Each structure stands twice: as C-alpha cells, then as structure tokens.
Amino acid sequence: MRIFLCGGGDGRQTMEACRRLNDIIDHTRPILYIPFAMENAYFDSCYEWIQGELKEVKVPEIEMVRSAEELAGKDLGCYSALFIGGGNTYKLLGDLKQSGGFDRIKEYIEHDGIVFGGSAGANIFGRDIESCKAMDENKFGLNDTKGFNVLKGYSLFAHYTNGSSRLTEQENQKRTEKYTEALLQFSMNRGPVIALPEEDTLFLNENRIEIIGARPYFYFEEGEKREMIPE
C-alpha cells in the first residue's frame, strides 16, 4: 500500500510530495486523474490544472475520466498511479460508491497500486468523511460515509489552519475555530481525526507513515487536540 494523503493546496505547497511520487512510479505508464469531487462543468479547467500540478512527474500521459461509467471501463492496473483531486468530499465518495469505483480502487491499492489523494481525494481514505462536515456540505444525500479506512481508525480533515485570501484575518481565525470545535466534537462521538494543513502530506509506504512537509499537523482524540511537528 503506497498512498499519498495531501492536505490540499497546489504548486509549491505540494512540490515535494509530487517529487516523491515521481520517485516511486513506473515511468512507462500513464497516470489516471479522477476529478469527481468537482462539478462536471469544471472538468476542463481541472485537466489544465493537473497538467501543471504534475509537470515534474515523468509519465507518458495524464488521462482523465469524466464519468463513473468511463472509470468502470478502465483497467486500473495499466496506470502508474491514480490521482484523486479535491472538491466536495461527499460528491466524490458518493460517485465512487454508486459506480462501483470504490471497490475497484480498494482492490487496486490492495495489489500495491499507488494513489495520490489531495483534499477531498485524501479525506475519503480516512475512516469516515463526516469528519469534513464543517467544511463540505452533503448536498447529495449520501448516507454511507465510510471511507477506505487506511489509517487504522483515523478519519481525515484537509486544509486545516489554512486561511482563505477571500476572508479577513479575523474571519479566517473564526473559520479555524469552527473547524476545531467540530473536530473536537467528532473525536468524542465518532473517533479520532488527523487534521492536515495544505503543505503537509501523509505518505503511507507499506506499514510506515511519513510526513512530507514542515507545518504542524494535529490529532483530535476523545475531545482533545494535540499538535504534532514533523521531524
């Protein structure tokens, strides 16, 4: 199992994680990009974005699927890696489960497939995406919110402590406080959470977990918050 779980962001924020991805993939095979967390109308701009995001990753091609039906027709074993992008975590997980893509990706990672998940694409690999409820709206009526659970019972929350350029400093502080309160509550009722800033990536390499990045990340367990500093 080799999975990159990125807290979000792009460009310089994810550069080192993309370099590490480049170090371990088969350079003779393409990457498959799954943008289902975004609305379909944005898929063209998503494809432009991923071309820039992975410009240092040496593969013959980056293919993008535009529908669950198209994903169902793909042989995932033909790809050097899957890249699952950000957007709404509920939409992403719902599309994958309704199409059968969830089970196919699960089988892929169990057979040593490589996945890079960013933001929503990382959140779905935790135990339960309800950890993201304070950030993402469940507009899709998704009831089965269980993720891939690759972190031994921990759920995930991306973009933690990252401000928005559209908000004032005070508004960003209030947003972080809102997320913190929600994660404390979730950890008491639904289990522990790892909250990642955009600059950090958890790399699951077989039975080892490595942090790529230098920003503090956080554990929320039983109503307590614990700050962790990458070594």
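Guide: Accessible areas come from the Shrake-Rupley method with a 1.4 Å probe. In this predicted model, the chain has an accessible surface of about 11,300 Å², and 45% of that surface belongs to carbon and sulfur atoms.

Visitor: How many helices and strands does the chain have?

Guide: Seven helices and 11 strands are found in the chain.

Visitor: What radius of gyration would a compact globule with 231 residues have, and what does the chain have?

Guide: A compact globule with 231 residues would have a radius of gyration near 17 Å. The chain has 17 Å, so the two agree. As for its extent, the C-alpha trace spans about 45 × 40 × 35 Å along its principal axes.

Visitor: What share of the contacts in the chain with a separation of 6 or more comes from residues 24 or more positions apart?

Guide: Such residues account for 74% of those contacts.

Visitor: How many positive and negative side chains does the chain have, and how far apart do the centres of the two sets lie?

Guide: There are 27 positive and 38 negative side chains, and the centres of the two sets lie 1 Å apart.

Visitor: What percentage of the residues of the chain count as buried?

Guide: A residue is called buried under 20% relative accessible area, and exposed over 50%, with partly exposed in between. By this reading, 52% of the 231 residues count as buried.

Visitor: Is Ser155 buried or exposed?

Guide: Ser155 counts as buried because its relative accessibility is 0%. Ser155 belongs to strand 6, which covers residues 155-157. Leaving aside residues up to four places away in sequence, Ser155 touches several others, including Gly126, Ser131, Phe186 and Ile194. Asp128 is also one of the residues touched by Ser155, and the side chain of Ser155 reaches the backbone nitrogen of Asp128 at 3.1 Å.

Visitor: Where does Asn22 lie, and why is Asn22 classed as it is?

Guide: Asn22 lies in helix 1, residues 15-24. Its relative accessible area is 16%, and therefore Asn22 is buried. Beyond residues up to four places away in sequence, Asn22 touches His27, Glu56, Val57 and Lys58.

Visitor: Which class of accessibility applies to Lys106?

Guide: Lys106 has 39% relative accessibility, so this residue counts as partly exposed. Lys106 is placed in helix 5, which runs over residues 101-110.

Visitor: How far apart are Lys106 and Asn189 in sequence and in space?

Guide: Lys106 and Asn189 are 83 residues apart in sequence, and their C-alpha atoms are 26 Å apart in space.

Note on methods:
Residues numbered from 1 in each chain as written. Predicted model: local features only at pLDDT ≥ 70, side-chain atom pairs only at ≥ 80, totals over all residues. Heavy atoms only, no water. Helix = DSSP H or I, 4+ residues; strand = E, 2+ residues; numbered from the N terminus. Rg over C-alpha atoms; globule rule 2.2 N^0.38 Å. Buried < 20%, exposed > 50% of the residue type's maximum accessible area, 1.4 Å probe, protein only. Contact = heavy atoms within 4.5 Å. Lys, Arg positive; Asp, Glu negative; His and termini not counted. Charge placed at Lys NZ, Arg CZ, Asp CG, Glu CD. Polar contact = N/O pair within 3.5 Å; in protein donor to acceptor, adjacent residues only side chain to side chain.
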